[in-house]
Amino acid sequence: MMNKIAYLGPKGTFTEVAAKAVFPNDERVPFSSIPDCMDGVSNGSVEFAVVPIENAIEGSVNLTIDYLIHNQKLMINGEIIVPIEQHLLIHNNHYHNWAKIEKVYSHPHAIAQCHQFLRSMLPNAKFEYTNSTGAAADFVARHGDEPIAAIGNHLAAKQYNLQIAQSKIHDYENNHTRFVILRNEKINLSETSSLYIGDKTTLMVTLPADYPGALHHVLSAFAWRKLNLSKIESRPMKTGLGNYFFVIDVAMKLDDVLIPGAIAELEALKCQVTSLGSYPCFSLLKKEYDIKVET
């Protein structure tokens with residue numbers, strides 16, 4: 001049975017690259033925003049959503065984290081890391097005059113990732129923010145008479161018949177984005193894929209009160225069990241200043257002893273602990289795309 005996969009569209013985004021890698025044979029459905037992708041899973045119009053959650057340069061995608069916690073409580077079923085290469089895309093009409101571009105369109109993260117190039121090569125250009133790099137490429141393609149450019153990837157250039165005026169304009173070479181695969185309930189993604197790199201368990205922890213040493217006690221529950229935390233991040237509860245929850249990534253699959261023991265210890269400290277998912281991780285630094293859903 002073919003699944004429907006929501007991704008941040010339109011066509012030509014890095015999210016589409018991630019979705020295509022994980023679900024090469026399924027129907028991919030573009031949505032105009034991250035919340036729309038997640039709502040699509042919740043209301044049953046799609047089976048999965050692939051959305052960005054962290055970039056190596058710009059940090060966490062707070063919209064994804066907050067909407068997952070406060071609005072659509074979906075399960076993380078997997079993650080995939082995609083290397084990000086940003087290019088300056090222009091219409092054929094302006095290929096030989098790209099240095100005279102007056103406006104650059106793209107997602108805020110993409111523009112921020114190319115700050116040094118834009119400052120040195122297009123210092124007078126104004127920035128126009130779009131919902132995605134694909135949306136920026138689409139806009140430039142439909143306005144060939146205007147001296148404008150988009151920042152996007154090879155897929156967007158091909159999809160919208162744009163020229164790559166300057167390639168790899170991002171500031172840092174180690175630019176990667178982590179995408180999560182969301183679903184209403186837990187389902188197994190195959191770990192036999194050549195893209196598979198390991199497992200992760202993500203927990204949401206809310207402290208009982210702001211008291212000295214509270215975070216130390218939380219971390220100790222993992223430390224003495226030798227559980228490696230690949231990430232810990234605080235986000236506001238949106239209930240008042242100073243009220244936070246923590247999102248903690250444990251670099252292993254949910255087991256029968258260690259992680260449940262840590263959770264039990266945290267709950268004994270009156271913390272609230274919610275599992276957001278225990279799932280396989282994939283990376284496009286690998287070569288073959290052969291992830292499959294086990295039903």
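Buried here means under 20% relative accessible area, exposed means over 50%, and partly exposed lies in between (1.4 Å probe, protein chains only). These legends describe a predicted model, in which local features need pLDDT of at least 70 and side-chain atom pairs count only at pLDDT 80 or more, while totals for chains, interfaces and linings use all residues. Residues are numbered from 1 along each chain as its sequence is written, and side-chain values use heavy atoms, with hydrogens and water left out.

View 1. Rings of Phe, Tyr and Trp (its six-membered ring) pair if their centres lie within 6.5 Å; planes under 30 degrees apart are called stacked, over 60 edge-to-face, and the rest tilted. By this rule there are 4 aromatic pairs. In one of them, Phe-23 and Phe-48 have ring centres 4.9 Å apart and planes at 40°, so the pair is tilted. Phe-23 belongs to the loop between α1 and β2 and Phe-48 to strand β3, so the pair ties together parts that are 25 residues apart in sequence. Phe-23 is buried too, with a relative accessible area of 1%. Helices (H or I, at least four residues) and strands (E, at least two) are DSSP runs, numbered from the N terminus. The ring of Phe-48 also has the charged end of Arg-183 sitting over it, 4.8 Å from its centre. For this, NZ of Lys or CZ of Arg must be within 6 Å of the ring centre and within 35 degrees of the ring normal.

**View 2. The largest nonpolar core, around Leu-182.** A nonpolar core is a set of buried Ala, Val, Leu, Ile, Met, Phe, Trp, Tyr and Cys residues joined through side-chain atoms within 4.5 Å. The largest one has 27 residues, and Met-38, Ile-76 and Leu-182 have the most contacts inside it. Elements giving two or more residues to this core include β1 (4–8), α2 (34–42), α3 (62–70) and β11 (176–183). Which residues does Leu-182 touch, leaving aside those up to four places away in sequence? Among them are Met-38, Phe-48, Leu-68 and Ile-76, where contact means heavy atoms within 4.5 Å. A second, separate core of 20 residues includes Ile-84, Ile-187, Leu-195 and Leu-284.

**View 3. Strand β6 and its neighbours.** In strand β6 (residues 87–90), His-87 and Leu-89 point one way and Leu-88 and Ile-90 the other way, and all are buried. Two strands pair if DSSP finds at least two bridges between them. β6 pairs with β9 in the antiparallel sense over 4 bridges, and Leu-89 has Ala-150 as its bridge partner in β9. β6 is also joined to β10 by 3 bridges, again running antiparallel; here Leu-89 stands opposite Ile-164.

**View 4. Strand β7 with parallel partners.** Strand β7 (residues 103–106) runs parallel to strand β8 (residues 126–129), with 4 bridges joining them. Val-104 stands opposite Phe-127 in β8. Over 3 bridges, β7 pairs in the parallel sense with strand β9 (residues 148–152), where Ile-148 stands opposite Lys-103.

**View 5. Helix α9 and what covers it.** Which residues of helix α9 (residues 258–268) are buried? They are Ile-259, Gly-261, Ala-262, Ile-263 and Leu-266. Their cover includes β13 (196–206), α8 (214–223), β15 and β16. Lys-270 follows α9 and has a positive phi, near 75°.

**View 6. Backbone details in loops.** The peptide bond from Gly-9 to Pro-10 is cis, with omega near 5°, and Pro-10 is found in the loop between β1 and α1. Asn-161 has a positive phi of about 55° although it is not a glycine; it lies in the loop between α7 (154–159) and β10 (163–166). Asn-161 counts as exposed because its relative accessibility is 53%. Lys-226, in the loop between α8 and β14 (229–236), has a positive phi near 60°. Lys-226 is exposed, with a relative accessible area of 76%.
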